[in-house]
Amino acid sequence: MPTSFLAQDIMAEHLLSHNAIVFLKDKPMRLRSGLVTPIYVDNRTLPSYPEAWRDIIETMASRIVELKMPFDMIAGVEDAGTAHGGALAYRLSVPFITVRKVAKSYGDKTRIDGENVKGKRVLIIEDHLSTGLSLLDAAKALREQGAIVTHCFAITNFDMPETAKLFDKNGIQAFQLLPFAAIVEKAVSMELITEKEKEDIESWLDTPWSWASQRGLLAQSTEN
């Protein structure tokens, strides 16, 4: 968690106030992974709100320093993690690279934009972690180029047990700005959701893959 409960509360309010996190209530959506969720997270909206984004980047930087993570450079995963990763690298005065989703069709035809990563310890930054598959794919691309990847940091994380197991299997420790439970509590205090809706969301966080089928719910939209 962040260094203080006050910082945690401020970060949660930023995310909710600027619709980086939206609770879909009775209209769940299907993510590209196939997961049906009552929560939509899009932290890519944050750079549009400079004051909130500055608070978030500063708090992430402080947390990364506090955790004493070993890294020589920061990588942002295209495209959601790029803005946040670049801002953090600037703030911490370390090199920044981007990991593309697919390799370039020209030049060196690599997925890595930036300096050579061979032998370098790379901290991967993501905006949000759900299944974690895109981050693991980025870690694989970096390792294939000789990088040492052991840590990642995201603004938010659903803390799904399956994701934690995958990260452990692949030798990666995942950290986030604040626990998702704190965001849910803040949403109640801001009257964005009711106590009953909070219970439904907490149930989803406990059993995300079976939550919709248990309730006979179908996705009302699909992530694009």
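Helix H1 passes helix H6 in a right-handed crossing, a crossing being right-handed if the near helix is turned clockwise from the far one by less than a right angle and left-handed if anticlockwise. The contact (heavy atoms within 4.5 Å) is made by Gln-8, Asp-9, Ala-12, Glu-13, Leu-15 and Leu-16 of H1 and by Ala-182, Ile-183, Lys-186 and Ala-187 of H6. These residues divide into 6 nonpolar, 1 polar and 3 charged. The axes of H1 (residues 5–17) and H6 (residues 180–189) come within 9 Å and cross at roughly 70 degrees, which makes H1 roughly perpendicular to H6, a term for angles of 65 to 115 degrees.

This is a predicted model, in which local features need pLDDT of at least 70 and side-chain atom pairs count only at pLDDT 80 or more, while totals for chains, interfaces and linings use all residues. Residues are numbered from 1 along each chain as its sequence is written, and side-chain values use heavy atoms, with hydrogens and water left out.

Pro-70 is found in the loop between helix H2 (50–67) and strand E5 (73–77). With a relative accessible area of 34%, Pro-70 is partly exposed, that is, between the 20% and 50% limits. Leaving aside residues up to four places away in sequence, Pro-70 touches Arg-121 and His-151.

Definitions and conventions:
Axes fitted to C-alpha atoms, helices over the stretch in contact; angles between N-to-C directions. Helix = DSSP H or I, 4+ residues; strand = E, 2+ residues; numbered from the N terminus. Parallel < 35°, antiparallel > 145°, perpendicular 65-115°, else oblique. Nonpolar A, V, L, I, M, F, W, Y, C, P; charged D, E, K, R; others polar. Buried < 20%, exposed > 50% of the residue type's maximum accessible area, 1.4 Å probe, protein only.
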